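Hi,

Here is the structure I promised to pass on. Have a look through it first, and then read my notes below.

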Amino acid sequence: MIRENISAVQDEIRKACTRSGRSADDVTLIAVSKTKPASDIMEAYDAGIRDFGENKVQELTEKIAVLPDDIRWHMIGHLQRNKVKAVVGRVCLIHSVDSLRLAEEISRESVRQGINTDILIEVNIAGEESKFGVLPEDAPGLIQNIAKLPGITIKGLMTVAPYTEDAEKNRPYFDNLVQLSVDIAAKNIDNVNMNILSMGMTGDYAVAVETGATCVRVGSGIFGERDYTNQRFGPQDTAGTERYGK
Ligand SMILES: *Cc1c(COP(=O)(O)O)cnc(C)c1O
């Protein structure tokens, strides 16, 4: 089922690209595998997926330990400063940076490891009370400050649009994120480019692609509904079992 789901999502992405005059090569499909076991990730891997998104540090590091080394891991969830050490150097992109203090911690750890970490700035594009992310009006100032830090490169913006049954309702929010990225790019800040726009999830990724997403993060549309009630993912699912692809 996972393989069929991936084909269907890739097909939708291609169609959305055609509708909007974009190249499908410009859109990266990130399979969001949170709560799902390593065996599900291997099914997606065998179907050709190499970009995977996780939102919890412990789950992420446990999966990294048992899954193939050529997977590009994306940290897409809220990141606490005391967990930064476990993530820096192990993921290709941190999508969820929304404060200077968090960026400072990522910078410190990157310098300590002698590496550069690519990040996105998470924007609360609809100004929702319950959401993480910097408010759009505060994004340029935050980016100016983060850009001065060593060991860190800002590659673009990320947003989690409001939950809706009608994806079209999110089109104005996606348009606003695109416009914000254009405005920020025009400032030509050192260490900052706006090449990546991470937006669109299972319910609205086609609209996100039409408006300009370069990364879509699709979870349930690939792996099926998540079950949080009995924690299908836990240490017992991977520790001491087979090491997939290693
Ligand atoms: C869970 C999650 C997704 C995927 O959500 P689906 O609706 O299952 O596609 C995307 N982005 C973030 C930040 C998430 O936490």
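Which residue's side chain does Arg72 meet in a salt bridge? The partner is Asp51, at 2.9 Å from N to O. Keep in mind that this is a predicted model. Arg72 sits in strand β3 and Asp51 in strand β2, so the pair ties together parts that are 21 residues apart in sequence. Arg72 is partly exposed, with a relative accessible area of 40%, whereas Asp51 is buried at 8%.

The count comes to 15 salt bridges. One of them joins Lys131 and Glu128, whose closest N and O atoms are 2.6 Å apart. There is also a network of salt bridges linking Asp11, Glu12, Arg14 and Lys15.

Helix α5 (residues 100-113) is worth a look too. Within α5, Glu105 and Arg108 lie three residues apart, about one turn of the helix, and their side chains meet in a salt bridge. Glu105 is buried, with a relative accessible area of 18%. Other buried residues of α5 include Leu102, Ala103 and Ile106, and the elements covering the buried residues include α4, β4, β5, α6 and β6. After the helix comes Gly114, with a positive phi near 70 degrees.

Ile106 also turns up in the largest nonpolar core, which has 69 residues; along with Phe52, Ile121, Ile146 and Leu157, Ile106 touches the most other members. Helix α1 gives the most to this core, with six residues. Apart from it lies another core of six residues, including Ile30 and Cys215.

Cheers

Note on methods
Residues numbered from 1 in each chain as written. Predicted model: local features only at pLDDT ≥ 70, side-chain atom pairs only at ≥ 80, totals over all residues. Heavy atoms only, no water. Core = buried A, V, L, I, M, F, W, Y, C linked by side-chain atoms within 4.5 Å. Buried < 20%, exposed > 50% of the residue type's maximum accessible area, 1.4 Å probe, protein only. Helix = DSSP H or I, 4+ residues; strand = E, 2+ residues; numbered from the N terminus. Contact = heavy atoms within 4.5 Å. Salt bridge = Lys/Arg side-chain N within 4 Å of Asp/Glu carboxyl O.
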